[in-house]
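Reader: I would like to learn how to read the contacts inside a protein structure. Please take me through them one kind at a time.

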Amino acid sequence: MSIRRRGTAAGAALALSGAGVLLGLAASPAQAAEVSYATHCVPPAGISPIDGTTKVEVTAPVTAKVGDTVDVVWTFVQAASKNPDIIDLPANSVQPSGILKAAGAQVADIAMQGTRTNPAIPKGGAMVLSDMKGSIKLTTAGEVTLTPDAYTVNAMSTDTKCTPKETVQKAATIQVTGGGGGGTSSATPTQSTTPTQSATPTSTASPTATGGSGQTDYTGKEVQVPYACKTPIGDKNATSPVQINAKKNGGNFDLTVQFKKSVMNSPADIPKGSVKPSMEVVLGGADKGTVHVEGPTNAKDIKSGDPIEIPDLTGTYKPGASGTSTLSPGVLTVKALGTTTTCTPTRTEVSLTLDTSQQPGGTSGGTSTSGGSTGGGSSTSGSGGLAETGASDHGALKALGLVAGTAILLGGAVFTFMPKRRTR
């Protein structure tokens, strides 16, 4: 890791990671020192903590003046943890952040931030982390020491937090002399750590629609659906607002399921045609079973940093019973890059109520996909009870799934649902 002093002229030095050129003003010769320390790392839920050794190199100017602002670069010689034996991490999917402690004549925590730059890392492979950078404005004459402290590794929108298990030795020292009017304001500029994800406001729910004479379009109520996703790095929970709409088509209904919320950028390039979502809509009331709805795959490549959209999920509901039937969001499945993620609601809530007439090949009594399997007679149940959909059969998930507002890790890429703009 190297530290460069910011100034107004003179000298260009190449950053250690090849990330760019830092300008300095009359920077004194740089010093480099490597320290190693025992480290305790806590991965996401479901993965056991890891104890290892962190090796860090810090390079700093030997001298500086009060009022100078110096740039700091932390280089990982070795991270304490490895990539778990779960998935291969794609290139440019891992980002470190951490704290470098200044002590001595000036005490401060220097926030450090790396870029999401790394080679592809196989299962069980050593973590390769980018250099982290930060800066500090020197306010007091004397000796200022720099010591690595805790750091966080963000991979595929999950955090592994690593903290020292022992006293860490200083990695660099700056001799600060009196300045010539450079100012004495307090030091550390605020640095952002792993970016937080923002969510769009929840939409106002529409009333549940019941079919009437001559009516063909039915707008469902937006319901908050809590999902439980079993993943290789632990169970994940998330709540998503979902709405089910219908359009009558003869005796059948064309369904459209919309996810209403969540925005996040992808940290990795995603090729076109690699993401396909689907859902089993749960029937209740007079009818029983499920209706399969699905969306198209992504039509174009998604670049790293671009938002991900989940399209409308569509399918056909053929009623298997006559009476008042309810429709509720059910099990969500997302297939991408050869992997499958399944998320199951922990409770259901009716989004849409329809007056139905039994149709040949209707869904009653089964778990049919769109078009349905021939079912038996009608039966009555509580509205929106979760039918058995076979979600528990997906035991060997190879992906991390978090629905709406969180990330879905699928074969080495992160996805978060973002609705398309809709015309009402």
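Reader: How many disulfides does a search of the whole structure find?

Author: Keep in mind that this is a predicted model. A disulfide is a pair of cysteine sulfur atoms within 2.5 Å. The search of the whole structure finds one. Cys41 and Cys162 form this link, with their sulfur atoms 2.1 Å apart.

Reader: Which parts does the pair of Cys41 and Cys162 tie together?

Author: Cys41 belongs to strand S4 and Cys162 to strand S12 (residues 158-164), so the pair ties together parts that are 121 residues apart in sequence. The link is right-handed, with 115° about the S-S bond.

Reader: Are Cys41 and Cys162 buried or exposed?

Author: Cys41 is buried, and Cys162 is buried too.

Reader: Next, the nonpolar core. Which residues of the largest nonpolar core touch the most other members?

Author: The largest one here has 40 residues, and Trp74, Leu146 and Tyr151 touch the most other members. Several strands give two or more residues to this core, among them S4 (30-42), S7 (69-78) and S11 (142-155). The largest share, five residues, comes from S11. There is also a second, separate core of 29 residues, which includes Leu313, Val334, Cys343 and Leu354.

Reader: How is a pair of aromatic rings described?

Author: Two values are given for such a pair: the distance of the centres and the angle of the planes. This structure holds five aromatic pairs. One of them is Trp74 with Tyr151, which is edge-to-face, at 6.2 Å centre to centre and 70° between the planes. Trp74 lies in strand S7 and Tyr151 in strand S11, so this pair ties together parts that are 77 residues apart in sequence. Trp74 is buried at 0% relative accessibility, and Tyr151 is buried at 2%.

Reader: What kind of aromatic pair do Phe76 and Tyr151 form?

Author: The pair of Phe76 and Tyr151 is edge-to-face, with 5.0 Å centre to centre and 65° between the planes. Phe76 is in strand S7 and Tyr151 in strand S11, 75 residues apart. Phe76 is buried, with a relative accessible area of 11%. Trp74, Phe76 and Tyr151 form one aromatic cluster.

Reader: Now salt bridges. How many does a search of the whole structure find?

Author: A salt bridge needs a side-chain nitrogen of Lys or Arg within 4 Å of a carboxyl oxygen of Asp or Glu. The search finds seven. One of these joins Asp51 and Lys165, whose closest N and O atoms are 3.7 Å apart. Asp51 is in strand S5 and Lys165 in the loop between S12 and S13, 114 residues apart.

Reader: Which parts does the salt bridge of Lys247 and Asp217 tie together?

Author: The side chains of Lys247 and Asp217 meet at 3.2 Å, N to O. Lys247 lies in strand S16 (residues 234-249) and Asp217 in strand S14 (residues 217-218), so the pair ties together parts that are 30 residues apart in sequence. Lys247 is partly exposed at 43% relative accessible area, and Asp217 is partly exposed at 46%.

Reader: Which residues do salt bridges that share partners join into one network?

Author: Start with Lys221 and Glu349, whose side chains meet in a salt bridge of 3.2 Å, N to O. Lys221 is partly exposed, with a relative accessible area of 23%, and Glu349 is partly exposed at 29%. Through shared partners, Lys221, Arg347 and Glu349 are joined into one network.

Terms used. Residues are numbered from 1 along each chain as its sequence is written. This is a predicted model: local features need pLDDT of at least 70, side-chain atom pairs count only at pLDDT 80 or more; totals for chains, interfaces and linings use all residues. Side-chain values use heavy atoms; hydrogens and water are left out. A nonpolar core is a set of buried Ala, Val, Leu, Ile, Met, Phe, Trp, Tyr and Cys residues joined through side-chain atoms within 4.5 Å. Buried means under 20% relative accessible area, exposed over 50%, partly exposed in between (1.4 Å probe, protein chains only). Helices (H or I, at least four residues) and strands (E, at least two) are DSSP runs, numbered from the N terminus. Rings of Phe, Tyr and Trp (its six-membered ring) pair if their centres lie within 6.5 Å; planes under 30 degrees apart count as stacked, over 60 as edge-to-face and the rest as tilted.
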